[in-house]
Amino acid sequence: MYDVFITKASKYLPNEPVSNDEMETYLGYINGAKSKAKAIILRNNKITTRYYALDKEGNPTHTNAQLTAKAVEGLFDEKFKKEDLKLLSVGTTSPDQIQPSHASMVHGELNIGKSIEINTATGLCNSGMNALNYGFLSIKAGVQDQAVCAGSERMSAWMTADKFNHEAENLILLEERPIIAFKREFLRWMLSDGAGAFLLENKPRENETNLKVEWIDFYSYAHEIEACMYAGCEKQEDGSLQSWADYPSEEWLKQSIFALKQDTKILDKYILVKGAESLRSSFDKHNLDPESIDHVLAHISSGYFKEGLKDEFAKVGLDFPWEKWFYNLSEVGNIGAGSIFIAVEQLMNSGNLKKGEKVLLCVPESGRFAYSCALLTVC
């Protein structure tokens, strides 16, 4: 078995940061009217700027594959050239097409002139961690000596006004419980674009900041909880999902079958509790002392969850003081599968890490409640 190190991290955020006031300039106005929900949702998610792969007329400027390729290209240098790439493992919620795979499209964008091993992880926020795990295990087993892993999203293309103009505007917003928000429009003000990438190697780079990957754990609760976040289907009264393929094509638009939707009542009930339960399991499994953790990078979709997540962790004996938490949600937005990569990149390149420090990664996925966590050591 080999050790695995993140030896370099890169990110790509398209175009200029978009302020809260500018969002509808890029995404458009649903049925020509300003959103009634936007202000309340933004007040709760605490995001102040984000990035879109769109111009101000709502025209796309990058595909997801192009965003990912840009992040990967940031890893190439004198020590790791484009032609050295052997394994590309990528994850996303929002591929540009159903087929070919996202990894195939990124490989094509990179134009490296040779065949390589590729892997695509699909799903929601955990797809980035799944992609990272594939590269981690490949190197640990000695199958490869290096790998490039990436997480990315291009959600803006899903959130432009033309995707919503056919829907009624009579959605009810419950201000006293902001988590119970609009089933569809709610996500317009939550999601954004970008990509992050890691270079993994079986040896650390000399005189540079490296992060040794100690372990990566995954947990799914699909055996006990129904779907919460979904697309390409519609939720039935009994909680089951009916596939787009089982609907007449004329219903696809009428029922917004391909829109990304979230059952926020279930989200509120489970997302934090199960996250704490998962992390406690990993600390027990690895006999890890909470006091040994120096940095906590927890992906959250909204600032609404920040206080609650700390409280739930504390309830299971993981009471990390605020000075150990690292968040960049307010500046870069919720980039789903790319968020944890972009947070690590910012911390890794900040110059603030010290040898021997422990970095904890926590990523929730509300699809049907799946969680991942990882431990990194600065070396």
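**A hairpin and its surroundings**

Guide: In the hairpin of strand 14 and strand 15, with four residues between the strands, phenylalanine 369 takes a positive phi near 65°. Helices (H or I, at least four residues) and strands (E, at least two) are DSSP runs, numbered from the N terminus. This is a predicted model, in which local features need pLDDT of at least 70 and side-chain atom pairs count only at pLDDT 80 or more, while totals for chains, interfaces and linings use all residues. Residues are numbered from 1 along each chain as its sequence is written, and side-chain values use heavy atoms, with hydrogens and water left out.

Visitor: How many bridges join strand 14 to strand 15?

Guide: Two strands pair if DSSP finds at least two bridges between them. Here eight bridges link strand 14 (residues 358-365) with strand 15, and the two run antiparallel. Proline 364 has tyrosine 371 of strand 15 as its bridge partner.

Visitor: Which way does strand 8 run relative to strand 15, parallel or antiparallel?

Guide: Strand 8 (residues 211-220) is antiparallel to strand 15 and is joined to it by nine bridges. Isoleucine 216 stands opposite alanine 374, and aspartate 217 stands opposite cysteine 373. Strand 8 is also joined by two bridges to strand 1 (residues 5-12), again antiparallel; there, phenylalanine 5 stands opposite lysine 212.

Visitor: Which residues lie on each side of strand 15?

Guide: In a regular strand the side chains alternate between the two faces of the sheet. In strand 15, Ala370, Ser372, Ala374, Leu376 and Val378 lie on one side, and Tyr371, Cys373, Leu375 and Thr377 on the other, all of them buried. The term buried means under 20% relative accessible area, exposed means over 50%, and partly exposed lies in between (1.4 Å probe, protein chains only).

Visitor: What is phi in serine 256, and what is it in asparagine 287?

Guide: Most residues other than glycine have a negative phi, and most peptide bonds are trans. Serine 256 has a positive phi near 50° and is found in the loop between helix 6 (249-254) and strand 12 (261-262). Asparagine 287 also has a positive phi, of about 50°, in the loop between helix 7 (264-285) and strand 13 (295-298). Serine 256 counts as buried at 7% relative accessibility, whereas asparagine 287 is exposed at 74%.

Visitor: Where is a cis peptide bond found?

Guide: A cis bond joins glutamine 99 and proline 100, with omega about 0°. Proline 100 lies in the loop between strand 4 (87-92) and helix 4 (102-110).

Visitor: Which residues are in contact with phenylalanine 326, leaving aside its neighbours within four places in sequence?

Guide: Contact means heavy atoms within 4.5 Å. By that criterion, and with those neighbours set aside, phenylalanine 326 touches Val296, Leu297, Ala298, Ala343, Gln346 and Leu347. Phenylalanine 326 belongs to the loop between helix 8 (306-315) and helix 9 (329-332), and is buried, with a relative accessible area of 18%.

Visitor: How many helices and strands does the chain have, and why is it described as compact?

Guide: The chain has 10 helices and 15 strands. Its radius of gyration is 20 Å, close to the 21 Å that the globule rule gives for 379 residues, so the chain is as compact as a globular protein of that length. The radius is taken over C-alpha atoms, and the rule is 2.2 Å times the number of residues to the power 0.38. Buried residues make up 55% of the chain.
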